[in-house]
Amino acid sequence: MQIPHFPEANHPLVKSLFHHSDQELLSLFQRYPDYGKYFTVIFCRYSPIVYTLIRHSARSPVQADYLFALIWRNIYYELGGLDLNQASTETESLTLQNWLINITAFHINEIKLPPTEAIHYSLKDTSPPLWCYVEQALDQLPPILRLIVLMAQTFHWSETRIAAYLQAEGEQISPAEVASSLQEGYQMLEDKLPADIRAIYLGEPGTSS
């Protein structure tokens, strides 16, 4: 399995941060949670190491890609509370690279992968940083909108099928209203993504700050 290439590494917002040390990037990520570029740079810097560690642990490329994405999602949530100084011992200082290797090894053993045919994730379509921030934005949607978006995107249900499901659950909603709610949900989802993530992944004009 080849180590995948991620085009976001060539985006000006990402390239402009390559000179920062790991500790600086970690501090910026923790200090400015409304920006996604700091996590994206950490991802671009260390994705080859993480992928190299996991590619022999999965039976298929699809499983490897999914495990890779799941591990980066866990890394994203754990980075927020990481203090490398506190995690170091008296005899050994912990680096971000060592921490990433340790956490990857831990999750390789902990994560139970579904069979290949049950995985609907595509690394080419959704890079792990984008997945993390989309998931975070999804959590901020009103419950009914989030459910409609998930049924459309994850299960590829039609507006008619979504309406029928919601009606069976007691919601008075027509297929036309589902279609309208979908558009509202997509727009709200995009609005809740960090501006720099929209610039890097969706091609919107970026912020220079």
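Q: What makes a residue part of the lining of a pocket?
A: A lining residue has an atom within 4 Å of a point of the pocket. In this predicted model, H7 gives the most to the lining of the largest pocket, with five residues.

Q: Which other elements give two or more residues to the lining of the largest pocket?
A: Besides H7 (128-138), these elements are helix H4 (61-79), H8 and helix H10 (175-192). The largest pocket has a volume of about 950 Å³. Of its 25 lining residues, Thr126, Trp131, Val134, Gln153 and Thr154 are the closest to the centre.

Q: What is the lining of the largest pocket made of, by class?
A: It has 15 nonpolar, six polar and four charged residues.

Q: What is known of the second largest pocket?
A: The second largest pocket has a volume of about 330 Å³. Its lining comprises 19 residues, with Pro4, His5, Phe6, Leu123 and Lys124 nearest the centre. H4 and helix H11 (195-202) each give two or more residues to this lining. By class, ten of the lining residues are nonpolar, five polar and four charged.

Q: Why is Ile144 called partly exposed?
A: Its relative accessible area is 33%. Buried means under 20% and exposed means over 50%, so Ile144, at 33%, is partly exposed. Ile144 is found in helix H8 (residues 143-153).

Q: What does Ile144 form with Leu147 and Tyr165?
A: The three residues form a nonpolar patch on the surface, with about 220 Å² of accessible area together. Patch residues need over 30% relative accessible area, and Ile144 has 33%.

How values were computed
Residues numbered from 1 in each chain as written. Predicted model: local features only at pLDDT ≥ 70, side-chain atom pairs only at ≥ 80, totals over all residues. Heavy atoms only, no water. Patch = residues over 30% accessible without salt bridge, like charges linked within 9 Å, V, L, I, M, F, W, Y side chains within 5 Å. Areas by Shrake-Rupley, 256 points an atom, 1.4 Å probe, with all protein chains shown as cover. Salt bridge = Lys/Arg side-chain N within 4 Å of Asp/Glu carboxyl O. Helix = DSSP H or I, 4+ residues; strand = E, 2+ residues; numbered from the N terminus. Buried < 20%, exposed > 50% of the residue type's maximum accessible area, 1.4 Å probe, protein only. 1 Å grid on protein atoms, 1.4 Å probe; cavity = no way out; pocket = protein on both sides within 12 Å on 5 of 7 lines; lining within 4 Å. Points joined across faces, edges and corners; volume = space filled by probe spheres on them. Nonpolar A, V, L, I, M, F, W, Y, C, P; charged D, E, K, R; others polar.
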